[in-house]
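Open the model in your viewer and keep the selection panel at hand. Each stop below gives a selection and says what is there.

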Amino acid sequence: MKEEGFFPKGAVAFFLLMMAFYAFVWLSTYLVMVSRGQTQP
Amino acid sequence: MDRAEKTALTLAVALMAFFAGLIVYAAKALNIDVPTCITDVKPFTEGKVIQHAPNRYELHYLAKMWYFEPAEVEIPAGSVVDIYLTSGDVIHGFQIDNTNVNLMAVPGTVAYARYKFDKPGVYHIVCHEYCGIGHQDMAAKIVVK
């Protein structure tokens, strides 16, 4: 039986936190690579 | 499909596209590319430093148990260096600390990378592939003045 007006708030919050964590880890590595300079000048 | 489910899928795909876009940007706009293994150069048997112009160098690194040849190279800041690497015995690693240069020295092949040394300092090179009892002492350096 479907509950009326149900919205998965917990799942959405968890998902957004997970995306933010992945972006943080990925961008940290990416910025280290960028700061280390050109390999094909 | 549920609206929240649809939004989650869209967000995940958008994030992956964003990551892929940044990688393309690094390669095309910032000239940060992956190293290459070249097949048209015969593996050499000795290390060499060749200067083509005041700020243009070619380094031939020979990796052997448990040293790199040449062990120390001195170049001026701003130099563009073509690095060729081969191995005289087993598989070795070649990483120049704090740079994007990270190669494998495989016997019978030549690995290649180009790097511009803008900042003065000592760049340590380490073997990062276990190659035997003296692996931890296998190092070299590039001094940028």
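**Before selecting.** This is a predicted model: local features need pLDDT of at least 70, side-chain atom pairs count only at pLDDT 80 or more, and totals for chains, interfaces and linings use all residues. Residues are numbered from 1 along each chain as its sequence is written, while chains are lettered from A and ligands numbered from 1 in the order in which they are written.

**Stop 1: chain A.** Select chain A. Its secondary structure is one helix and zero strands. Helices (H or I, at least four residues) and strands (E, at least two) are DSSP runs, numbered from the N terminus. The C-alpha atoms fill a box of roughly 60 × 15 × 10 Å along the principal axes. Of the 41 residues of chain A, 2% count as buried. Buried means 20 or more other C-beta atoms within 10 Å of the residue's own, with C-beta atoms placed from the backbone.

**Stop 2: chain B by domain.** Colour 1-33 as domain 1 and 36-144 as domain 2. These bounds come from an automatic or database domain assignment. The two domain centres, taken over C-alpha atoms, are 34 Å apart.

**Stop 3: the contact between chains.** Chain B brings 21 residues and chain A brings 16 residues. Contact requires C-beta atoms, placed from the backbone, within 7 Å. On the chain B side, α1 (3-28) and β9 (110-117) each supply at least two residues. α1(B) gives the most, with seven residues.

**Stop 4: the nonpolar core.** Which residues have the most contacts inside the largest nonpolar core? Select B:Tyr61, B:Ala63, B:Ile83, B:Leu85, B:Phe94, B:Leu103 and B:Ile125; the core has 27 residues. Such a core is a set of buried Ala, Val, Leu, Ile, Met, Phe, Trp, Tyr and Cys residues joined through C-beta atoms within 7 Å. β9(B) provides the largest share, five residues. Now centre on B:Leu85. Leaving aside neighbours within four places in sequence, its contacts include B:Tyr61, B:Phe94, B:Leu103 and B:Val110.

**Stop 5: the hairpin.** Show β7(B) and β8(B). They pair in the antiparallel sense over four bridges; pairing takes at least two DSSP bridges. Five residues lie between them, and B:Asn98 in the turn has a positive phi of about 60°. B:Gly93 stands opposite B:Met104 in β8(B). In a regular strand the side chains alternate between the two faces of the sheet. On β8(B), B:Leu103 and B:Ala105 make the covered face, and B:Asn102 and B:Met104 the uncovered one.

Methods
Two residues are in contact if their C-beta atoms, placed from the backbone, lie within 7 Å. A residue is buried if 20 or more other C-beta atoms lie within 10 Å of its own, exposed if 12 or fewer, and partly exposed in between; C-beta atoms are placed from the backbone.
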